[in-house]
Amino acid sequence: MTEKKDKALVFSILPVKKTGGGEGYTVNCATSISISGTECDLICPVEANFIQIRDSSRFENLCDTTVFIEGKASTSITKKFSEVLMEIPNYRYVWIHQYLGSPLVYDLLLVSHNRQMVLLTNLGFEENYDDFWIRYNKLPNHLFLEISQYSAKRTQNNTSNVSYLYAGAWRNTLEKYLNINLSSKNTRQFVSVGRLLPHKSFETAIDAVSKNEKLVIIGPNSSDTYYKKFLEDKSKGKNVHLVGEMLTSDKDKIISNSIALIANSSSLTYRKQIFEQSELLGLVILEAILSNTLPITSSQPALKEVMDVLNLSELVYPERDSQSLKSKMALVSYLSDFEYKALLDQARKMIEQHFLWDNYWLRVKEMIEKQNIMRDVEIYGKI
């Protein structure tokens, strides 16, 4: 097999210039492929309105193309989407992120061929959900590789060629904070991180904070100005700070100085709206551990799944139950240094076993090989 055929493409339906969890996941995915010896092109639209276009033949949309070699972004150029489509048959692996985000995914699937491995991963943007599953036809070289068991189960409601693998931390970051300095922590300070959106359920943490405790909410505003006003009203008379977006280094410092990070996401918003994909993994949990801070999470399925894997189930509270959250906050605040470190240490071990980016692409290729074996069994009756 030639080097050209071994090349991989990661195509994101959404731009990846922002610093959100989904965008970071896509960039880390391309990096993991390249450090494992496979050259990788990461391509995404220049503008977010790309996703609203339903007929790519009528538009010459621009895409950013970044080439990753040995874990580094070596070159970056802009191409027309039509040019990208012409080049897709040359890749050995075609990996589409946010495949439920736009009808333009159909163009990508249309130009792929049966000698390629086509991977599809959902990171939570599902504007085209219903239409995609009406139109999708299962093919033997397609694999829906989701980011959690919860996300995979949702996909399995529509097709059977589904699996999942965890990722979310680089080994060098995991090893960076091996020495845990608990004396620097404010045992009365808690932090929550995320864009101000109703499914993040920040109000649950605000309700749980007592007068002698501090809550810092870090994250950019959203277009839902009513929700921000709702949170501000909830915060009156309490030591709650909505600090907005900030530099990663400043955010990490606040997380590190806090006694716990609270992930409040809920499948039901304060307006009683159902939001199944409020979280599909919960990278913020790993973010807390990497900053030597214990997470406390709601029982939202994906968050609970990660906490179970990390052996931190005792720090999970029922969704939107502020009284139960309050008890978990007290539990963490009164842990001894030994108990606190023990919980962090066991969580780190689980991250090393299950969530490393360093061997992610190798694990993906192993899964692909298993899928090939299963395909032989299914189609040819081999083995």
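**Figure 1. His142 is buried, with a relative accessible area of 6%.** The model is a predicted one, in which local features require pLDDT of at least 70 and side-chain atom pairs count only at pLDDT 80 or more, whereas totals for chains, interfaces and linings use all residues. Residues are numbered from 1 along each chain as its sequence is written, and side-chain values use heavy atoms, with hydrogens and water left out. His142 belongs to strand S7 (residues 142-146); helices (H or I, at least four residues) and strands (E, at least two) are DSSP runs numbered from the N terminus. The side chains of His142 and Tyr136 are joined by a polar contact of 3.0 Å. Such a contact is a pair of N or O atoms within 3.5 Å; within protein, one atom must be able to donate a hydrogen and the other to accept it, and residues adjacent in sequence count only if both atoms are side-chain atoms. When neighbours within four places in sequence are set aside, His142 is in contact with Leu109, Met117, Val118, Tyr136, Asn137 and Asn161, contact being defined as heavy atoms within 4.5 Å.

**Figure 2. Eight strands form an open sheet with mixed pairing.** The strand order is S4-S3-S2-S1-S5-S6-S7-S8. Strand S4 (72-80) and strand S8 (162-164) are the edge strands, each pairing on one side only. Direction ignored, neighbouring strands of this sheet are turned by 25° against each other on average. Two strands are taken to pair if DSSP finds at least two bridges between them. Strand S6 (residues 117-121) and S7 run parallel and are joined by three bridges, and Val118 stands opposite His142 in S7. Helix H2 (residues 21-35) lies across strand S1 (8-12), strand S2 (40-45), strand S3 (62-69), S4 and strand S5 (93-97), and runs at about 180° to S1. Axes are lines fitted to C-alpha atoms, for helices over the stretch in contact, and angles run from 0 to 180 degrees between N-to-C directions.

**Figure 3. Cys29 and Cys44 are both buried.** The relative accessibility is 0% for Cys29 and 4% for Cys44. Which cysteine sulfur is closest to that of Cys29? It is the sulfur of Cys40, at 6.9 Å, too far for a bond. For Cys44, the closest cysteine sulfur is in Cys63, at 7.4 Å, and this is likewise too far for a bond. A search of the whole structure finds zero disulfides, a disulfide being a pair of cysteine sulfur atoms within 2.5 Å.

**Figure 4. Six strands form an open sheet with parallel pairing.** The order is S11-S10-S9-S12-S13-S14, and the edge strands, strand S11 (239-244) and strand S14 (316-317), each pair on one side only. Strand S13 (residues 294-298) and S14 pair in the parallel sense over two bridges; Thr297 has Val316 in S14 as its bridge partner. Helix H10 (residues 248-257) lies across strand S9 (186-193), strand S10 (214-218) and strand S12 (258-263), running at about 135° to S9. Helix H12 (residues 301-309) lies across S12, S13 and S14, running at about 140° to S13.

**Figure 5. Helix H11 (residues 283-290) is mostly covered.** Six of the eight residues of H11 are buried, namely Val284, Ile285, Leu286, Ala288, Ile289 and Leu290.

**Figure 6. Glu70 and Lys272 have positive phi values without being glycine.** Most residues other than glycine have a negative phi. Glu70, with phi of about 50°, is found in the loop between S3 and S4 and is exposed, at a relative accessible area of 67%. Lys272, with phi near 70°, lies in the loop between S12 and H11 and is exposed at 63% relative accessibility.

**Figure 7. The protein contains 15 helices and 14 strands.** Its radius of gyration is 22 Å, close to the 21 Å that the globule rule gives for 383 residues, so the protein is as compact as a globular protein of that length. The radius is taken over C-alpha atoms, and the rule is 2.2 Å times the number of residues to the power 0.38. Along the principal axes, the C-alpha atoms fill a box of roughly 60 × 45 × 40 Å. Of the 383 residues, 53% count as buried. Among contacts between residues at least 6 apart in sequence, 72% join residues at least 24 apart.

Notes: Buried means under 20% relative accessible area, exposed over 50%, partly exposed in between (1.4 Å probe, protein chains only).
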